[in-house]
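Let's take a walk through a protein and look at its pockets. Have the picture open and follow along.

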Amino acid sequence: MNYNKKTVRDVDVSGKKVLLRCDFNVPQDKETGEITSDKRIVAALPTIRYLLDNNAAVIACSHLGKPKNGPDPKLSLAPVAKRLGELLGREVLFAADVVGEDAQAKAAALKPGQILLLENTRFEKGETKNDPELAKAMASMAELYVSDAFGAVHRAHASTAGVAAYLPAVSGFLIQKELEFLGGAIADPKRPLVAILGGSKVSSKIGVINNLLEIADTIIIGGGMAYTFAAAQGGKVGGSLLEADWMDYSREMIEKAKAKGVKLLLPVDTVCADAFAPDAKSQVVKAGEIPDGWQGLDIGPETVKLYCDAVADAGTVIWNGPMGVFEFPAFAKGTEAVAEALSRTSAITIIGGGDSAAAVEQLGYADKMTHISTGGGASLEFLEGKELPGVACLLDK
Ligand code: ADP
Ligand code: MG
């Protein structure tokens, strides 16, 4: 997959109507509908400002939530238009539909330097089906398509990929940054490349493990998935998270790493608890020696040392998946120690995955990382080496 894509800087936007796909899928209060975090709106500002400052007329669009049967007032983008207007310090026009009369009329009347936000793209049933008629109708309102919705690039929907069949398509600054760092780390990493993989299950990370085994110099395994690896080697894992169906796979991965000369590090000790609870009783035991009635919730102190040493002289570190149940402070130590070690290396540090990003933020290390991916699902598919429809549809440089 080619990650070298044209950006808004590579085309002339002046005087053009630009259809801009944003990720305005913001969290909202269930009762009041109030936006509880405007992070995604803030993240979209640089591209929006660039387009407006360079004399484009911006027709912004996004999905919000998962409307089941067409328009649902609870999932209207109207509150986003209001918040965006406050952040931009200028009027944001709002269309009551996506490609209906209101959208068409307002898009047609839009002047350079003005911005219009269309209603929730998923109010149109054709959106998630990537219906060419819908894509064509959206494209007909503009002369250029800019995608900046990294969180949605793994989906082939009308507004994330379909429209690119009818308009020249380039990336905004958010996607550009994701491609630069995630793409760079995968296509041409500064070595040694160390991949830290954790999280809950082996089964949800198969694609990531498979792909990173091909490109990494060292793979570090932590989190819940480590217990399936431990059990696969004959260890006792007590009541830890175990995916018995994936033990053969884990053994194969250990063999494959050996054959390829990839260093595969597994925990040597573990912090186990007598219950899955924040205030559970805990003890440190050797990996593979977890007593019955106990479950592993974090990597142990010896493992922390081993893993921190392994990242010390890395060129690039890709981290996906917390080392333990970081949501419980008593079991966040392993994740925190790794975050701290990453903050000290001179390596390019890249965090992918929704919970991993949340962990790094919660623990206060966000500004110490080179890049924290903004797309949970999209960044995983990226690390799996999959072709992302919302990226593939953009013009190559
Ligand atoms: P990401 O979203 O970054 O890809 P995952 O969704 O794979 O990460 O995993 C995150 C979850 O894994 C966290 O909620 C964390 O509590 C859980 N987890 C980590 N270690 C363990 C463990 N030892 N036992 C159970 N759950 C774990
Ligand atoms: Mg997750």
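Start with the largest pocket: α1 (39-53), α5 (173-187), α11, β17 (371-372) and α12 (376-383) each give at least two residues to its lining. Those labels are DSSP runs numbered from the N terminus, with helices (H or I) of at least four residues and strands (E) of at least two. A pocket here is an open set of points on a 1 Å grid over the protein atoms alone, where a 1.4 Å probe fits and protein lies on both sides within 12 Å along at least five of seven lines; lining residues have an atom within 4 Å of a point.

Keep in mind that this is a predicted model, where local features need pLDDT of at least 70 and side-chain atom pairs pLDDT 80 or more, while totals for chains, interfaces and linings use all residues. Residues count from 1 along each chain as written, chains are lettered from A and ligands numbered from 1 in written order, and side-chain values use heavy atoms, leaving out hydrogens and water.

Back to that lining: 35 residues make it up, and Asp23, Lys39, Arg40, Thr374 and Gly375 sit nearest the pocket's centre.

So where is ligand 1? Its space is the second largest pocket.

Now zoom in on some polar contacts (pairs of N or O atoms within 3.5 Å). A polar side-chain atom of Lys205 is 2.6 Å from a ligand 1 oxygen, and an N or O atom in the side chain of Ser356 is 2.4 Å from an oxygen of ligand 1.

Definitions and conventions. A polar contact is a pair of N or O atoms within 3.5 Å; within protein, one must be able to donate a hydrogen and the other to accept it, and residues adjacent in sequence count only if both atoms are side-chain atoms. A molecule sits in a cavity or pocket if more than half of its atoms lie within 2 Å of its grid points.
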